[in-house]
Amino acid sequence: MTKQYYEKTGNCGMGVLTLLTDFGYRDHYVAALKARLLHLAPALAVMDITHGVEPYNIAHAVHVLRAVFRDFPVGTTHLIAVSDYGASPTGAVAAPAWHAAQHQGHYFVAADNGVLALLCDGVPERLVRLRGATPGPAATSALLPPPAFNPTRDVLAPAAVHLALGKSLDKLGAPTTELYSLTNRQVRLQDNRITGHVVHVDHYGNLITNISREAVEVTSRDRPPIIKFGRETVRELRPHFAAAPPGEIVCAFNPQGCLCIAINQGHASELLGLYFDSQVDVWFEAESKVEAVVS
């Protein structure tokens, strides 16, 4: 189906549902979620993105989802179960909320914890506030609370199945523009310099930055880049991480077009002492200096 078709119809037919959670792989939480989905829609195609997001780490969830969601067919629904009780400016969730959204032809369901605002760089194209879960059984004892409320099981999973089965986003709740807001670190572009930050450290210790290939191409004006981070300076961009001897620092763009810093067969984060939010600069020689060298 084309993107235009989905935009006109608001979804259609049985699609694909992906799962992105911080549930981990040691416990029963992923199995319980999949059992719930089997009850709701036994024939629905369900695919894991990962269940290894660092607990409550919204930035990690956004990085992983942003890197891969466009690889799925247009119309895919993505269930995001990270910090699923939501968030608030004060840190206490007095009135939690959950949302379903449409963005770039895909559908997303998540708690109101900042993940959608980061993913979409603001309010999504279409956003509805999900209706709360139906209250569970009453407490059987005056001394005990009622059975536990589980946001992923009781709110997010049914909404995600609804969308993946081709049903309308508008049927899930009232349209809204109110969204718990987090903002992405912005890249600073200057005439001879780009300043960015590490936005993710992957499984191998590679440092992924928010400096894009496009930003480097636009700012460089055919001047060679000089990448500076910590106490290191690298004057060459490589085509991939293995294009250097083992143990050597490598700077390369990943398939998503993000500038990355790695050590071939080594853990760059630990060895370089750089972590999430560490500053990375790309410098370019002043054009007059470049012209003098050429002449």
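Arg-126 is partly exposed at 25% relative accessibility, where partly exposed covers the range between buried, under 20% relative accessible area, and exposed, over 50%, with a 1.4 Å probe and protein chains only. The residue belongs to a predicted model, in which local features need pLDDT of at least 70 and side-chain atom pairs count only at pLDDT 80 or more, while totals for chains, interfaces and linings use all residues. Residues are numbered from 1 along each chain as its sequence is written, and side-chain values use heavy atoms, with hydrogens and water left out.

**Arg-126**
- Arg-126 is part of strand β6, residues 126-130, strands being DSSP runs of E with at least two residues and helices runs of H or I with at least four, both numbered from the N terminus.
- Its side chain makes a polar contact of 2.8 Å with the side chain of Gln-102, and another polar contact, of 3.1 Å, joins the side chains of Arg-126 and Asp-170.
- A polar contact is here a pair of N or O atoms within 3.5 Å; within protein, one atom must be able to donate a hydrogen and the other to accept it, and residues adjacent in sequence count only if both atoms are side-chain atoms.
- Arg-126 and Thr-176 are 50 residues apart along the chain, with their C-alpha atoms separated by 8.3 Å.

- Arg-238 sits in the loop between β12 (232-234) and β13 (249-253) and counts as partly exposed, at 22% relative accessibility.
- The side chain of Arg-238 reaches the backbone oxygen of Ala-243 at 2.7 Å, and Ala-243 is also one of the residues that Arg-238 touches when those up to four places away in sequence are not counted, with Glu-248 and Cys-251 among the others; contact means heavy atoms within 4.5 Å.
- Thr-219, by comparison, is buried at a relative accessible area of 5%, and is found in helix α6, residues 213-220.
- Beyond residues up to four places away in sequence, Thr-219 touches Leu-189, Gln-190, Asp-191, Ile-194 and Phe-284.

- The largest pocket holds about 820 Å³ of space, and of its 32 lining residues, Arg-66, Asn-184, Arg-185, Val-199 and Asn-210 are the closest to its centre.
- A pocket is an open set of points, on a 1 Å grid over the protein atoms alone, where a 1.4 Å probe fits, with protein on both sides within 12 Å along at least five of seven lines; lining residues have an atom within 4 Å of a point.
- Grid points are joined across faces, edges and corners, and the volume is the space filled by probe spheres set on the points.
- At least two residues of the largest pocket's lining come from each of α3 (58-68), α4 (115-120), β9 (193-201), β10 (207-212) and α6.
- The second largest pocket has about 480 Å³ of space and a lining of 18 residues, with Phe-23, Tyr-29, Asp-84, Asn-150 and Thr-152 nearest its centre.
- Helix α2 gives the most to the lining of the second largest pocket, with four residues.

**Whole protein**
- The secondary structure consists of eight helices and 15 strands, and 45% of the 295 residues count as buried.
- Among contacts with a separation of 6 or more, 69% are between residues 24 or more positions apart.
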